[in-house]
Amino acid sequence: MKRCLSIILFCILALTAVAQTPAYVPAGSDSCEIVRQGIKAPYYYCDCRENSNTFAFPLVTEIKDTVWYTATVDDLKRGISAYWFSNCSVTMEVYAFCASKDPTFSMTIGKNQMRDLDVAMINQKLDEMGETARMMAQTLTPHMRVYPNGGTGKVYCYPYDQGPLSTCEDPLPLLPRMTIVTNHPETVYRLAYTNIASTGKAFIHWKQKKNLPCEVWLTKGDCEGEEIGRAQLSDSLHVYMPDSAALVRARNDKQDVWVHVKHAADITGRLYYYNNPVLLEPTAKKGTVCQGKTQKINLRTYASDTVFTDMVWVAKDTLQPVNMNLKFTEPKPEYDTIHIDASTLSRGYRYTPSGTILYEYGDTTITITKANTCTRVIRLTVQTPSANQALDNLQTALPARKQIQDGQVFIIIDDRKYTILGQQIRIKQ
């Protein structure tokens, strides 16, 4: 498909050399028919020349019979997201000239479906072909033929990756299995009760290229009616499964369900509604991980004990149940003892493993947490020095003097006062 798209422009340019269209065709179908026969053009030649409408985005129209449009290469370069609401299919064909015997490109959209043409490759090829080719392309006026295959319907045509602004006042129908492009920050779609399965089993799927989120909520009977469900869709692998009983009640009450979608203004996503999802055989995901680390599974990150059944989108209406059972184990305590002289501790001692600043002797519990690393719990003892150790430490810091107060010996260093055990005493001012 992409390869066909990438050569559309080349085919159009190539056809300029073999076009059988005369420079001037007199007005009137009789004159046109004479010319058509003279140049042996296809049967649709005159209809194409005399009855073409000007194509412009957005195109919203009823299609009952064959309709011709005159487009530009710039139109084609924007790509197309086309929505077709009908019980029959519709075909779109692109011709370089009305005299062209075969379409340069064609596509058929099935009943109640959407299809797109992404022509990013054409833009790239245009840049590679240089200025002359770009100038030639601007002079061409391709023709589009649109015709239903055995019925009538309504077509919506937008540039690639765009969709209608669906509102409470003018909602777009939400049909099962139909792709809806949502590039507006807030939209609402109408799910007819007749399109709800009798079982009420269904899911809503949000697809976004960068797995950016959207919020979805449902109201019953009216756009501002009773809310019957709400969900935050975080990525393209997970779906929202509304309460089946609530959908069954809406169907039985013959009340439509309004599907509201909200997301950031600068993102574009795609929305799908499926009835009666196909569930594959459940799989299991088990594991034991230390606290502090995380587990990323199916685009979601887990950091605590987890037991539930995750529903993962596989393809179209198919889901994969995954029985999740993750356990995060508590860290085993580590034990450490350090010896610090009173002078150093009074100024604040930095415990290297955690960076904690210590000021007191005794026992303390230190918890060390780092991103996606096992948590450590350290039972730390800051050992109180013996009397001799304290005096030895104090003797190294000169000048120092003894002081006897109330029969108790103290050591004075500068303006600091210590017991013989090295414990600093606040000096009264």
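1. Strands β23 (residues 306-315) and β24 (residues 318-329) pair in the antiparallel sense over nine bridges. Strands here are DSSP runs of E with at least two residues, helices are runs of H or I with at least four residues, and both are numbered from the N terminus. Two strands count as paired if DSSP finds at least two bridges between them. The two strands form a hairpin with two residues between them, and K316 in the turn has a positive phi of about 50°. Across the pair, F308 stands opposite M324 in β24.

2. This is a predicted model, in which local features need pLDDT of at least 70 and side-chain atom pairs count only at pLDDT 80 or more, while totals for chains, interfaces and linings use all residues. Residues are numbered from 1 along each chain as its sequence is written, and side-chain values use heavy atoms, with hydrogens and water left out.

3. How confident is the predictor? The mean pLDDT of the chain is 85, and 82% of its residues reach 70 or more; pLDDT is the predictor's confidence in each residue, from 0 to 100. Among the elements of the chain, β17 has the highest mean pLDDT (98) and helix α2 (residues 8-15) the lowest (42). Over residues 1-25 the pLDDT is below 50, although this stretch has 53 contacts in the model beyond near neighbours in sequence. A contact means heavy atoms within 4.5 Å. Where pLDDT is low, the predicted coordinates should not be read in detail.

4. The secondary structure comes to 10 helices and 33 strands. Of the 429 residues, 41% count as buried, that is, under 20% relative accessible area with a 1.4 Å probe, counting protein chains only; over 50% is exposed, and in between is partly exposed. Among contacts with a separation of 6 or more, residues 24 or more positions apart account for 65%.

5. Is L326 buried or exposed? L326 is buried, with a relative accessible area of 1%. Leaving out residues up to four places away in sequence, L326 touches K285, K286, G287, Q295, I297, Y302, S304, D305 and T306. Of these, Q295 is 31 residues from L326 along the chain, and the C-alpha atoms of the two are separated by 8.6 Å.

6. R145 is found in strand β8 (residues 143-148) and is buried, with a relative accessible area of 9%. Which side chains make polar contacts with that of R145? One is Y43, at 3.1 Å, and another is Y95, at 3.3 Å. A polar contact is a pair of N or O atoms within 3.5 Å; within protein, one must be able to donate a hydrogen and the other to accept it, and residues adjacent in sequence count only if both atoms are side-chain atoms. Beyond four places in sequence, the contacts of R145 also include W68 and E93.

7. In helix α8 (residues 244-252) the buried residues are A246, L247 and A250. Seen down the axis, they fall within an arc of 100°, so they line one face of the helix; the arc is that of the directions from the helix axis to the C-beta atoms. They pack against β13, β14, β15, β17 and β18. K254, with a positive phi near 55°, follows α8.

8. An open sheet of four strands has the order β11-β18-β13-β16, with antiparallel pairing. Its edge strands, β11 (180-182) and β16 (239-240), each pair on one side only. Three bridges join β11 to β18, and I180 stands opposite L271 in β18.
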